[in-house]
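Visitor: I would like to go through this model at the level of side chains. Could we begin with what is packed inside?

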Amino acid sequence: MSRRPSARSRTARETRLRSPIRPVIVAWLAALLLAPGLVQAQAPAAQPTAPAKAEKAPDGKPAEAKSADGKSSDGKSADGKSSDGKSSDGKPVEAKPADAKPAPPKPEMSEALKAVRARLDAAKNDLAAREKELARTDLGTPELSAIRDGVGPVTDEIRTIIGRLDAPLESARERLTQLGPKPKDAEESPEVAQERVERDAAVSRIDETQRLARSLLVQGDQIIDRVSNRRRESFTKGLFERSQALVSPQLWSRVAADVPRDIRSLQSALSDILLLFSRNGTLGNLLMLGLAFGVSVALYFGRRNIAPRLGRRDAAMTDPSRRQTLLGAWRVLLLGTVPAVIGSYTVYYALDATDLLPSRLLPVAGAILAGLAFIAFVEALCDGLLSPDKPQWRPAPVSDAAAIRVTRLAVGIATVITVVKSIEALNSGISAALPISIATRGIGAVATALILAIGLHRFADKEEEEEACFGPYVPTKTTTGIGGPARLVGWAAVAVIGVAALVGYVAFAAFVIDQLVWTASLLVLLYLLVQSADTFVGGSLSDDTRLATALQANTGLRKRSLNQIAVLSTGAARVLLFLIVALLVLAPWGLDSTDIVSSIRQAFFGFKVGDVTISLSTIALGLGILVLGIAITRAVQRWLDQVYLPATDLDAGLRNSISTVSGYCGFLLALALAFSYLGLSLEKLTIVAGALSVGIGFGLQSIVNNFVSGLLLLWERPIRVGDQVVIGDSEGIVKRISVRSTEIQTFDRSAVIVPNSNLISGIVKNRVRGDRTGRVSLVVNVLRNQDPARAAEMLLACAAQHADVLKEPAPRVVFRKIGDPFLEFELVVMIVDVSLGQKVQNDLNFSVFRTLSEAGFIPPLGPGSSIVTVQGLDGMQDAFSEIAGRFRPPAAEEGRDGRRDLSAIGAR
C-alpha cells in the first residue's frame with residue numbers, strides 16, 4: 001500500500017515540473033499562432049479573417065482574445081509586436097504591406113462556346129478513331145477511300161468553325177483594347193476590374209477554342225496526307241509487281257496443270273446458272289429478260305441502220321459549213337453511243353433483277369455488255385469525227401485512207417480489249433488459278449501490241465511518193481495524214497507493252513493499254529469540244545449572226561468589242577476544257593477527285609509559304625475592292641467634269657486640277673482599302689517602300705521626277721488646261737495634264753507630249769498666264785510722197801473700228817523707218833483674247849489695205865508688174881549721172897531728165 005504524498009510535497013513537485021516546461025509550451029503556442037498568419041500573408045488572394053475567439057492555454061486558463069488583424073487585446077500582435085510599430089523590446093520594425101484585395105471571379109463560358117467545344121470534342125474523337133484505324137497495315141484501297149471520305153466532312157466542319165470564330169475573337173479583342181493597359185501604380189475601380197476580367201476571359205476562351213480547332217484541322221490534313229501516301233504506295237506496288245514472264249516455261253506448265261481445275265469451276269458455274277433458271281425461271285422473270293434482250297437488240301439494230309439516216313449528213317451536199325459539219329458529228333456520236341449504252345444497261349438490269357445469274361458471274365455479263373457499248377462508242381466516234389464514207393462531212397483534217405485505217409485500228413483494239421476484259425472477269429468469277437489469269441492478261445496485252453504495230457505499219461509512207469533524186473529517201477510530206485509524233489508515240493507504246501508483257505510486268509502492260517485507250521478517247525473528244533467551242537461560241541459572237549446583231553442592237557457594243565469578247569470566251573472555254581481533260585487523264589494514276597477539290601480549296605482559301613499565308617480568294621477580293629474603288633473614282637470624276645464643275649465659275653485649268661486630284665485621292669483610298677483587306681499594315685509596307693526607294697535610286701528617277709512635277713503643276717498651276725504656251729519650237733493649247741506628261745495640241749491639230757519635268761525645269765512661254773488679252777502688230781508701207789501723219793490716222797481709225805480691239809490700252813502706230821520709196825509703219829493693238837489673234841490680224845489687213853488703197857497711199861500695180869527695191873546702189877547712181885552728163889549738152893532741163901532716167905534705172 002503506497003503512501004499518499006502530502007499537499008506541500010505535491011505543490012513543490014508541480015512547481016519543479018512547471019518551471020522548465022512552461023517556456024516550451026509558450027514557444028509552441030506562439031508558433032501555432034504565427035503559422036496561420038504567415039500562411040494567410042503568403043496566399044495570392046487575401047481571405048477575410050474570422051472573428052477572434054477565446055483560446056484556452058494548456059494549463060486551463062483562458063488565453064488572451066485576439067482581434068481580426070492578429071493583435072491581442074493589450075495592443076500587441078501575436079508575434080510580440082505592439083500596435084505602434086515597435087517590438088516588445090522597444091525596437092522599431094518595418095511596416096507590413098496591406099492585404100491584397102480579392103480578384104473578381106471569372107465569368108462562366110457561354111452556351112454557344114460550350115456547343116462549339118462539344119463539336120470539337122466530337123471531331124477530336126472521330127479523328128482519333130480514324131487515325132487508329134489507319135494504323136492497320138492490312139488496309140486496302142476501299143478502306144483507305146472510306147477513311148478519306150470520312151475525314152473530309154470533319155475537316156470541313158472544323159474549317160467552318162475556325163472561320164466563324166474569327167469575327168467574335170476580333171470583336172472581343174477590340175473590346176479589351178478599349179480598356180487600355182492595366183495601371184501599375186494606381187488601383188482600378190471594381191467595375192473596371194470586373195469588366196477587364198470578363199473581357200480577358202472571353203478573348204482567352206475564344207482564342208483557345210480557335211487554336212484547338214486549328215490543331216484538329218492540322219490533324220485531319222495529316223490523316224488525309226497519310227491516306228494519299230498509302231494509296232499511292234499501294235498503286236505503285238500493284239502496278240510494278242512482277243509476275244512470271246510469258247516466255248517462262250514454268251508459267252505454261254502451271255497453266256497446263258491448272259486447266260482441269262478451272263474447267264471444273266466453269267462447269268460448276270454453268271450448273272449454278274441452270275439451277276437458278278430452274279428455281280427463278282418464272283414466267284415474269286423470263287418475260288422481263290426476253291423483253292430486255294429484245295429492246296437491246298432493237299437499239300443496236302437501230303443504231304447501225306437508222307442512226308446514220310437521222311444524222312442528217314446528206315451525201316449530195318458537197319460543201320457544208322463548219323457549223324453543219326460539227327453538228328452532224330455530234331449527232332452521229334450521240335445516236336451511235338446512247339442506244340448501245342441503254343441496251344447494255346437494260347440487259348444488265350434485267351439479269352440483276354431476275355436473279356437468273358449467280359452473283360459471282362454477274363460481273364462477267366457486265367464486262368461483256370460494257371465492252372459492246374465501248375465498241376459502239378468507238379465506232380460512233382470514228383464515224384462522227386473521221387466520216388470515212390462522206391469526206392465532205394469530216395471535221396478532222398485527215399485523208400480518206402487515213403480515216404479508213406484509223407477507224408479499223410480503233411475498232412480492232414476496242415474488240416481485243418473487250419474480249420480480254422470479259423475473260424478476266426470470267427477468271428475472277430470462277431476463281432481461276434493465278435497462272436491462267438497472268439497468261440490471259442499477257443496474251444491480251446501482246447495481241448493489242450501486235451494490232452497496234454500492224455496498224456502503224458500501214459500508216460507508213462509509200463515508196464511511190466519518193467522523189468526522183470539521188471541519195472537516201474527523205475519524204476517531203478506525209479501521205480497518210482498521221483503526223484510523225486503520233487506514230488512515234490504509237491511505236492513507243494508497242495515496245496513498252498510488248499516488252500513489259502513478255503518479261504512479266506503484265507499489270508503494267510495492261511495499265512499502259514488502258515491509259516493509252518483512255519487518253520486517246522479523251523483527246524479526240526477534246527478536239528471535238530474545242531472545235532465546237534470555237535465555232536459555236538466564237539463564231540456566234542464574231543460573225544454576222546443573229547446573236548451578234550441582237551447584242552449590237554441591244555447593248556450598244558461595237559463589232560470590235562464583240563470580237564474581243566468572242567476571243568476571250570473561246571480562250572476561257574479552251575482553258576477549262578484542257579484542265580478537265582488533264583484531270584481525267586490523271587484519274588487512273590490514283591488522283592482522286594476529293595484530293596483535287598481539297599487542293600483547289602487550299603489554293604483558293606489559303607496556303608502557307610514559310611510563315612506567309614497566301615489566299616487566292618483574299619487576293620481576288622482585294623483586287624475586286626481596288627477595281628470597284630477605281631470605278632467609283634472614275635464615276636465621281638466624270639460627275640465632276642460633266643455636271644458639277646461646269647456649273648461653277650471656276651476656269652478650265654482649276655476644274656482640271658480638281659478632277660485630277662480627286663482621281664489621285666480616290667485611287668489612293670481604294671489602294672489603302674485593298675491593302676487593309678489583304679492584311680498589309682504600314683509596318684509591312686515599309687519593305688515595299690524600301691524596295692521602291694532602291695528602284696527609284698537606280699532606274700525610276702525620271703518617272704518619279706515627272707510624277708512630282710505633275711503634282712507641282714496641279715498645285716502651283718503655272719500652266720493650266722486651255723493655256724496657250726510656247727515650248728521650244730512648238731506652240732499650242734494645253735489639253736491635258738496627267739501623271740507623267742502634259743499633252744499640247746498645236747494649231748495644225750497635232751499632239752505634242754511633253755514630260756512634266758521639262759515644264760518645271762525648262763523655259764515655257766505662257767501667253768495667257770495673267771489674263772487672256774493678246775497683242776497683234778501689222779507692218780504697213782506707204783508711198784514716200786504721202787503724208788505720214790495722215791497715214792497714221794487712217795491706221796488708228798481701222799483699228800478703232802474693230803470690235804475685238806481693246807480701247808484701253810489704245811492702239812498705237814509706230815513710224816519705224818523712212819525708206820525709199822516707202823515709209824514703214826507698224827500698227828500695234830491689244831485684243832480681248834489671244835486666241836483671236838489671227839482673226840483680228842486678218843480683219844485689220846483687209847481693212848487697212850482697202851483704206852490706204854482708196855486714199856492713194858498704196859499705188860495700184862499693173863498685171864504682172866512688181867517693184868523691187870535695191871539698197872546700197874547710191875554710189876553707182878552718182879557714177880552713172882556723171883557719165884551721162886559728160887556725153888550730153890549741159891542743159892538743166894535735159895540734165896534733170898537724165899537724172900530722172902538714171903533714178904528710174906537705179907530703182908529698177
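**Packing, surface and charge pairs**

Guide: Leu452 is in contact (heavy atoms within 4.5 Å) with Leu409, Ile413, Gly490, Ala493, Val494 and Leu516, leaving aside its neighbours within four places in sequence. The model is predicted, so local features need pLDDT of at least 70 and side-chain atom pairs count only at pLDDT 80 or more, whereas totals for chains, interfaces and linings use all residues. Residues are numbered from 1 along each chain as its sequence is written, and side-chain values use heavy atoms, with hydrogens and water left out.

Visitor: Which residues have the most contacts inside the largest nonpolar core?

Guide: A nonpolar core is a set of buried Ala, Val, Leu, Ile, Met, Phe, Trp, Tyr and Cys residues joined through side-chain atoms within 4.5 Å. Buried means under 20% relative accessible area, exposed over 50% and partly exposed in between, with a 1.4 Å probe and protein chains only. The largest core here has 26 residues, and those with the most contacts inside it are Ile413, Ala445, Leu452, Val494, Ile497 and Ala509.

Visitor: And which elements give two or more residues to this core?

Guide: They are α5 (249–280), α10 (400–429), α11 (434–458), α12 (484–503) and α13 (506–542). Of these, α11 gives the largest share, eight residues. A second, separate core has 25 residues, among them Leu134, Val151, Ile206 and Leu216. As for the labels, helices (H or I, at least four residues) and strands (E, at least two) are DSSP runs numbered from the N terminus.

Visitor: Moving to Ala213: is this residue buried or exposed?

Guide: Ala213 is buried, with a relative accessible area of 0%. Its place is in helix α4 (residues 190–239).

Visitor: What does Ala213 touch?

Guide: Not counting residues up to four places away in sequence, Ala213 touches Leu120, Ile158 and Ile162. Ile162 is 51 residues from Ala213 along the chain, yet their C-alpha atoms are separated by 6.4 Å.

Visitor: Turning to helix α2, how far does it reach from its first C-alpha to its last?

Guide: Helix α2 (residues 111–134) has 24 residues and reaches 35 Å, close to the 34 Å expected at 1.5 Å a residue. The expected span is 1.5 Å times one less than the number of residues. Its buried residues are Leu113, Val116, Leu120, Ala123, Leu127 and Leu134.

Visitor: What covers those buried residues of α2?

Guide: The cover includes α3 (141–178) and α4.

Visitor: Now for charges. How many salt bridges are there?

Guide: The count comes to 25, a salt bridge being a side-chain nitrogen of Lys or Arg within 4 Å of a carboxyl oxygen of Asp or Glu. One of them joins the side chains of Lys114 and Glu111 (4.0 Å, N to O). These two residues are three residues apart in helix α2, and are therefore separated by about one helical turn. Lys114 is partly exposed at 37% relative accessibility, and Glu111 is exposed at 59%.

Visitor: Which residue forms a salt bridge with Glu131?

Guide: Arg226 does, with the closest N and O atoms 3.6 Å apart. Because Arg226 lies in helix α4 and Glu131 in helix α2, the pair ties together parts that are 95 residues apart in sequence. Arg226 has a relative accessible area of 35% and is partly exposed; Glu131 is also partly exposed, at 28%.

Visitor: And what is the partner of Arg772?

Guide: Arg772 forms a salt bridge with Asp833, the closest N and O atoms being 3.2 Å apart. Arg772 lies in the loop between β7 (765–766) and β8 (774–783), and Asp833 in the loop between β10 (822–831) and α23 (837–855), so this pair ties together parts 61 residues apart in sequence.

Visitor: Lastly, which residues form the nonpolar patch on the surface?

Guide: Leu616, Ile619, Leu621, Leu623, Tyr677 and Leu678 form it, with about 510 Å² of accessible area together. Patches are made of residues with over 30% relative accessible area and no salt bridge; like charges are joined within 9 Å, and nonpolar side chains (Val, Leu, Ile, Met, Phe, Trp, Tyr) within 5 Å. Accessible areas come from the Shrake-Rupley method with a 1.4 Å probe, and for residues only the protein chains shown count as cover. Helices α17 (616–644) and α18 (652–678) each supply at least two residues of the patch, and the largest share, four residues, comes from α17. Leu678 has its place in helix α18 and is partly exposed, with a relative accessible area of 33%.
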